[in-house]
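Visitor: I would like to learn how to read this model. Where do we start?

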Amino acid sequence: MLKNIVFDMGGVLIDLNRNACAEALRQLGFADIDNYIGEFVQSDVFLKLEEGKISEADFYVEIRKIIGNNVSDDLIRKAWLQFLLSIPEEKLEFLLLLKKQYKVFLLSNTNPIHFPYIVETQFCRNRHALSDYFDRCFLSYQLKMSKPQAEIFAYLLQSENLVPEETLLIDDGKANVEMAQHLGLQTYLAKPFESFSALKQQLL
């Protein structure tokens, strides 16, 4: 019996535009940005930010070192935020309906720039708050670990005393889904810009 649903954020709830972000950073002088950011996995300074190994302030310093010019924190922040589009209204409504029947969690590889921005611009719409949608959020930069590491899944399960077989992970990363399956969770591999119409029929 399904009791718990765990959502990924980027590419599952919020739509992404990796190319717009890459181009914005390229315009700042980050010539080889394609070697650093991907649709599912980040590397080097971007991964360090996601895993809480550097602060937001340190991130800006490291970016300036890489690109070799003295661009402002604000311009770097705005370029990095180009990765994010929006959460469709029907997905927010879906979360609210699910929370009436299940425990709903967020498990996201994210960072201290993207996540507060998403909360402010997406989850606080229409007089709602983040707590209206999720029982708890598990964020890579706060936990200092990231998917697809087994440790972050184990931490979620142990913290909330969840039974893996009663828990569904909805994620767009194949490696994340495979790790969750290995640990006994039910899984759903989300497609880009998916509306979840079939999933709604199964879960509600």
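Visitor: Which share of the contacts in the protein chain with a separation of 6 or more comes from residues 24 or more positions apart?

Guide: This is a predicted model. Residues 24 or more positions apart account for 68% of those contacts.

Visitor: How many helices and strands are there in the protein chain?

Guide: Ten helices and five strands. The radius of gyration is 17 Å, close to the 17 Å from the globule rule for 204 residues, so the chain is as compact as a globular protein of that length. Of the 204 residues, 49% count as buried.

Visitor: Now a single helix. Which residues of α3 are buried?

Guide: First, the general idea. An α-helix has 3.6 residues a turn, so residues three or four places apart point the same way. In α3, the buried residues are Phe59, Tyr60, Ile63 and Ile67. Seen down the axis of α3, they fall within an arc of 95 degrees, so they line one face of the helix.

Visitor: What covers the buried residues of α3?

Guide: The cover includes α2 (45–50) and α4 (73–81). Just after α3, Gly68 has a positive phi of about 75 degrees.

Visitor: How many disulfides does the count come to?

Guide: A disulfide is a covalent bond between the sulfur atoms of two cysteines. Here the count is zero. Take Cys124: its sulfur is 11 Å from the closest cysteine sulfur, in Cys137, too far for a bond.

Visitor: Is Cys21 buried or exposed?

Guide: Cys21 is buried, at 0% relative accessible area. Cys124 counts as partly exposed, at 39% relative accessibility.

Note on methods: Residues numbered from 1 in each chain as written. Predicted model: local features only at pLDDT ≥ 70, side-chain atom pairs only at ≥ 80, totals over all residues. Heavy atoms only, no water. Buried < 20%, exposed > 50% of the residue type's maximum accessible area, 1.4 Å probe, protein only. Helix = DSSP H or I, 4+ residues; strand = E, 2+ residues; numbered from the N terminus. Arc of directions from axis to C-beta. Contact = heavy atoms within 4.5 Å. Disulfide = S-S within 2.5 Å. Rg over C-alpha atoms; globule rule 2.2 N^0.38 Å.
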